[in-house]
Amino acid sequence: MRFRLWTIVCLLMIISACNQDIKICEEPTDVKLTIGFYHKIDSTQYQDTSLSLAYVQTLHQPPVLLIDTSTFQSISLPLNQLADSSGFIIQPDSVNLADTILIYYARQQKLLSPGCGFVTFFTIDTIHYTTHHIDSASVVNKSVINIHEEHIRLFY
Amino acid sequence: MHIGHAQQKTDTSAVQKDTLSAAEHPGTQPMRHDSVMLVSHDLRLGIDLSRIAMPFLQPGRRDVEVSADMQIIPNLYGVVESGYHQMQIHKTGLFEYHSHGYFYRIGIDKNILPPDPNHQRQDIAYVGFRLGHAVLQQTVNSYHITDTIWGNVDGSIPTQTIQGLWLEFVAGLKIQIAKYVDLGWSVRGRTLLNHPEQHTNVPPYVIPGFGKGSSRQAFDFNYSVFFQIPLFQSHYTIHQKQHQP
């Protein structure tokens, strides 16, 4: 009798464990490029800063507005999953000329989990940018696999 | 195999012979009290009944698992397990996944029940280990990623072959319910020895014979029926040494 009871308990445990990971997506699926803004004090010193933005939009036509008038210490931008590069126009409030930043990368579609499906991971290769308002830029993390880590620093 | 099949029959002539041999060298040779066991080497074939229920627990999943074991020396059993796995996942609007593969495990079981003085018991309780290997082929027929900014992504991933290697600890019972028929269960803890998920952008949902591919550890439960095929018997001599005072 006890043998049968244990068998039933074990089977119920198996049933409860099955399928949940197929039905439910429990992981964050956002994969975006995070850009942090910094104020350059001199060639070796810098500090994080807030940037008042008029807008940020995609470079491709027709442009898509990603961020509208607001102040940020960092922004997260979606990279193009259909091409190996993405371009963004960053227009600060304080200047007339906007800066353009182009990011070149390799991409790979990956099954995040059965519940969540596929996402695209990116590995940054190079970046190009105009210097109307931007002083310099650096890639601090080439691997874009989530939204939480900073990938690029823009120095103003 | 059961302890009952390792029938412990003392061969008195062997004991007498060894005792006399030891007595010829008193003080220098240890006294030997050897005994001879009659060991039945029955082939026990099993099929895991819990796998039959798998399609009802996980739609799209099919598993078959069979086993064979034989007593090598008293209370020590060599075990081979093998099986087939098939999985289909259809997530509407996300992806279609199909995989199939096979596995085998080899290992040893040790009967931990004390000897039955009446040689009537046919049941065993055992602990053991396995080394498992699986080969899996998986295909993503289609996937879809929704992207409202740059455009949706649609694609497919051709067939990939993935291998898994793991070590497994097992404990269980096998109880005779009829002549030549046993019923038993086992619990198993497994740990992967290789990293199959590192070589693919589609981590396997299930590694055949191991379990969920998303984890490096897996626990499992088997509930099997076994059929015994008597093959042959052999004599196994147990050497016991006792030093003279």
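**Before you start.** This is a predicted model, in which local features need pLDDT of at least 70 and side-chain atom pairs count only at pLDDT 80 or more, while totals for chains, interfaces and linings use all residues. Residues are numbered from 1 along each chain as its sequence is written, chains are lettered from A and ligands numbered from 1 in the order in which they are written, and side-chain values use heavy atoms, with hydrogens and water left out.

Stop 1: Strands here are DSSP runs of E, at least two residues; helices are runs of H or I, at least four residues; both are numbered from the N terminus. Two strands pair if DSSP finds at least two bridges between them. Find A:Thr123: opposite stands A:Ser143 in β10(A). Now widen the selection to the open sheet of six strands, in the order β4-β3-β6-β7-β8-β10, with antiparallel pairing.

**Stop 2: strand β6.** Select residues 85–92 of chain A. Seven of the eight residues of β6(A) are buried, so the strand is largely enclosed by the rest of the structure. Buried means under 20% relative accessible area, exposed over 50%, and partly exposed in between (1.4 Å probe, protein chains only). Look at the neighbours. β3(A), residues 51–58, runs antiparallel to β6(A) and is joined to it by five bridges. There, A:Leu53 has A:Pro92 as its bridge partner. β7(A), residues 99–113, is also antiparallel to β6(A), with six bridges. A:Gly87 faces A:Leu102 of β7(A) across this pairing. A hairpin of six residues links β6(A) to β7(A).

**Stop 3: the cores.** Select A:Ile103 and A:Leu154. In the largest nonpolar core, of 28 residues, these two touch the most other members. Such a core is a set of buried Ala, Val, Leu, Ile, Met, Phe, Trp, Tyr and Cys residues joined through side-chain atoms within 4.5 Å. β8(A) gives the largest share, five residues. A second, separate core has 16 residues, among them B:Phe95, B:Tyr97, B:Leu136 and B:Val206. Back at A:Ile103, show its contacts (heavy atoms within 4.5 Å). Beyond four places in sequence, they include A:Leu33, A:Phe88, A:Ile124 and A:Ile152.

**Stop 4: B:His41.** This residue lies in β3(B), residues 35–48. B:His41 is buried, at a relative accessible area of 6%. Its side chain makes a polar contact with the side chain of B:Ser234, at 2.6 Å. A polar contact is a pair of N or O atoms within 3.5 Å; within protein, one must be able to donate a hydrogen and the other to accept it, and residues adjacent in sequence count only if both atoms are side-chain atoms. Then pick B:Tyr77, 36 residues away along the chain: the two C-alpha atoms are 9.6 Å apart.

**Stop 5: the A–B interface.** Select the 35 residues of chain A and 28 residues of chain B that take part in the contact. About 2800 Å² is buried between the chains, 70% of it from carbon and sulfur atoms. This buried area is the accessible area (1.4 Å probe) that two parts lose on being put together, summed over both. Six residue pairs are in polar contact between chain A and chain B (both at pLDDT 80 or more). On the chain A side, α1(A) gives the most, with six residues.
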